[in-house]
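Reader: Please show me the model. I want to go through its salt bridges.

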Amino acid sequence: AQGVLAAVLAARQPAQRLVVDADALNMIAAGQGLQRCDDWILTPHPGEAARLLGTGIGEVQQNRMAALVRLCEQRGGTIVLKGAGTLVGQAGEVPWLCVRGNAGMAVPGMADVLAGAIAGMLAQNGVPFESAAAAVHAHAAAGDRCARSGIRGVLALEVAQQLRAVLAQLP
């Protein structure tokens, strides 16, 4: 993972956008690679956010908005603080709160679907904050569609499949 992160960062062109998730967030928190970038979208869950901030998960969860603001200040770019009530922030933007989604989405692979949705939106739109907020909303709406028959047993693949239907309904 360290080699992949180093290769991606070395191959990065000026102002090229990045979507950073999972192990890459943990490596950044450990001081490897870029520490701040205005052209990335970081997608931490509360544990990863705590590591990036050098604090505990409890502190992040106690005041998620304050954690989001600190992440934006310290790490730059656009931040997607995942969890119940996912927050999207960027310096100079009013933070955005996602009120959709459900507990059934707390399953393996769900963050991968979200990261892919963000990357896809970013490739089409080119505006990190708008792309992240739109992808978070569409991902949560797809999760809600899957939960119509119950929140137990929702699979990340099902949410990915529902994304197409959700996106088709957008203007």
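Author: A salt bridge here is a side-chain nitrogen of Lys or Arg within 4 Å of a carboxyl oxygen of Asp or Glu. This is a predicted model, where local features need pLDDT of at least 70, side-chain atom pairs count only at pLDDT 80 or more, and totals for chains, interfaces and linings use all residues. Residues are numbered from 1 along each chain as its sequence is written, and side-chain values use heavy atoms, with hydrogens and water left out.

Reader: How many salt bridges does a search of the whole structure find?

Author: The search covers the whole structure. One of the pairs is D21 with K82. The total is 6 salt bridges.

Reader: Is K82 buried or exposed?

Author: Buried means under 20% relative accessible area, exposed over 50%, partly exposed in between (1.4 Å probe, protein chains only). The relative accessible area of K82 is 10%. So K82 is buried.

Reader: Which residue forms a salt bridge with D144?

Author: The closest N and O atoms are 3.4 Å apart. D144 lies in helix α7 (residues 128-146), and its partner in the loop between β5 (96-97) and α6 (110-125). That partner is R100.

Definitions and conventions. Helices (H or I, at least four residues) and strands (E, at least two) are DSSP runs, numbered from the N terminus.
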